[in-house]
Amino acid sequence: MSKKIVKNLLALAMLSLLALPLVTLAQSNMDVGMNEIEEGFGDNGLGNTDPRTTVARLINVAMLFLGIIAVVIVLLGGFKWMTAAGNEDKVGEAKKLMGAGVVGLVIVLSAWGVANFILSRLITATN
């Protein structure tokens, strides 16, 4: 198999593992309070957190996941460099991989900073 097919299959496997918790919760018997509609809605189990806070939490989790991926890319580049055994082609590939990981980490951190700034301003402006 070519490297592209293997990478695509690996990415598909990782995405399916991420969706696994959603699938397992599909058969939940959670009472969402729909039987209390006549009594004034009651507790519907959805919580009462601010949607802006929920969005901020989702962004933080996404940025954490992307940051972990960038660090793993840098570590893979370091491993590739250490196992290059003096081969200049492999060392060059490792340097490119490490550079890409560092650039990705910088992009993730700056995106997190911008999102954090915007959400904090949004929360303080609407309170």
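In this predicted model, the side chains of K80 and E93 form a salt bridge (a side-chain nitrogen of Lys or Arg within 4 Å of a carboxyl oxygen of Asp or Glu), with an N to O distance of 2.9 Å. The pair joins distant parts of the chain, K80 lying in helix α2 (residues 51-82) and E93 in helix α3 (residues 88-126), 13 residues apart; helices are DSSP runs of H or I with at least four residues, numbered from the N terminus. The structure contains one salt bridge. K80 counts as partly exposed because its relative accessibility is 30%, and E93, at a relative accessible area of 42%, is likewise partly exposed, where buried means under 20%, exposed over 50% and partly exposed in between (1.4 Å probe, protein chains only).

The axes of α2 and α3, fitted to C-alpha atoms over the stretch in contact, with angles from 0 to 180 degrees between N-to-C directions, come within 8 Å and cross at roughly 165°. The two helices are therefore roughly antiparallel, a term applied to angles over 145 degrees. Residues of this contact comprise 24 nonpolar, seven polar and five charged, with Asp, Glu, Lys and Arg counted as charged, Ala, Val, Leu, Ile, Met, Phe, Trp, Tyr, Cys and Pro as nonpolar, and the others, including Gly, as polar.

The protein chain has a mean pLDDT (the predictor's confidence in each residue, from 0 to 100) of 78, with 73% of its residues at 70 or more. Confidence is lowest in helix α1 (residues 3-24), with a mean of 70, and highest in α3, at 90.

Residues are numbered from 1 along each chain as its sequence is written, and side-chain values use heavy atoms, with hydrogens and water left out. For this predicted model, local features need pLDDT of at least 70 and side-chain atom pairs count only at pLDDT 80 or more, whereas totals for chains, interfaces and linings use all residues.

How values were computed: Parallel < 35°, antiparallel > 145°, perpendicular 65-115°, else oblique.
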